[in-house]
Amino acid sequence: EKGGFDHFMLKEIYEQPEAIKNTMLGRIDLDKNQIDFSQEGLDQKFLEGIQRFYIVACGTSYHAGLVAKYLIERELGLPVEVDIASEFRYRNPILDEKTLFIGISQSGETADTLASLRLAKEKGAKTLSICNVVGSTIARETEVVLYTKAGPEISVASTKAFSTQVLTFVLFTFYLKQLLFGENEKKQKIEALIKLPSQLKIFIEKVHSKVKTLAQKWYQAQNALYLGRNILYPIALEGALKLKEISYIHAEGYAAGEMKHGPIALIEEKVPTVILAAKETGIVYEKTLSNAEEVRSRRGPIISLVTEGAKEFQKISDEYIEVPLTFYEFLPIFYVVPLQLLAYEIATLRGCDVDKPRNLAKSVTVE
Ligand code: F6R
């Protein structure tokens, strides 16, 4: 059942290329260079009058929502709010019929996300969900559902559900650009999209051995910091969440620029900092580099994940992982993989029950 893997989590990490391929299936028209979600009820009529988005979710799904904020605001120029479901529902969130509420949930059964959806409906918002489990409660209660098609996710720690949620948002953004502004993506980008699964497959296999060696060196750490900016900031949060939930190492994800407002006090020889940076994609590479230098000058070990050929980072890092240079939109899908693997390898070395971490349940149906 684990297909030759020791754990479901590892199997599911390796299933990501196939999973994202399924996410794309039937939703890309190569001849027209377009994305198509109209079969799923997401059309001009449904989107009429929408002026803003409210994305609500929990945990890893919430991180996918944060990625979506960067994508949608950058590509569509429309405002996006993202919130944690257990906060959203006990506040007075401001939304109306001009708001599209988007609930994200792998299971489609998370109590707080479901309650948030019901509240959004009461307030007159239009509703859409991004779910993995077909026919789940959240899927049934939203007007439009976009399935991620990741296949069953057994491991408590979410992996392929996340990458497919992110990809669904990439497709969603491209599609809305067509519908709202009549703008198609460049052929080059659509071609890169099609090649994503095979490129990701090669990357996973290559990066895994590197991550294994790295894990051997760092698995005894008691604290770790994860830093990133822009669309890689939510990936820093996700990397930290993965590590803490399965290896029980205290990890914090932070926006790199926020480091000097507090977490910099934690830095010392025994606290590794994982830094995510990308060149040529418009996500403030230089600023992230100077954050890395700040860590270095306080003797903090640096594990950097950087796009190919970022020599400046190589010089100041203890560990260095290269990520393929790709389009802005596709960065999160590549960067999250070594972080999932790192959490997995470290948890295994620490003898943790990777697929069933203590105190956690796959589907949180209680409040
Ligand atoms: C993290 C994890 C949880 C879930 C969260 C939301 O690895 O699995 O943080 O992401 O409980 O679950 P869904 O997406 O089913 O609503």
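Reader: Which residue meets the side chain of Arg89 in a salt bridge?
Author: In this predicted model, local features need pLDDT of at least 70, side-chain atom pairs count only at pLDDT 80 or more, and totals for chains, interfaces and linings use all residues. Numbering starts from 1 along each chain as its sequence is written, and side-chain values use heavy atoms, leaving out hydrogens and water. A salt bridge here is a side-chain nitrogen of Lys or Arg within 4 Å of a carboxyl oxygen of Asp or Glu. At 2.6 Å, N to O, the partner of Arg89 is Asp112.

Reader: How many residues apart are Arg89 and Asp112?
Author: Arg89 sits in the loop between α5 (85-88) and β5, and Asp112 in helix α6; helices (H or I, at least four residues) and strands (E, at least two) are DSSP runs, numbered from the N terminus. So the pair links distant parts of the chain, with a separation of 23 residues.

Reader: Which helix holds Lys177, the partner of Glu75?
Author: Glu75 and Lys177 form a salt bridge at 2.6 Å, N to O, and both are buried. They also belong to a network of salt bridges with Arg74, Glu185, Lys189 and Glu329. Glu75 lies in helix α4, so the pair ties together parts 102 residues apart in sequence, with Lys177 in helix α8.

Notes
Buried < 20%, exposed > 50% of the residue type's maximum accessible area, 1.4 Å probe, protein only.
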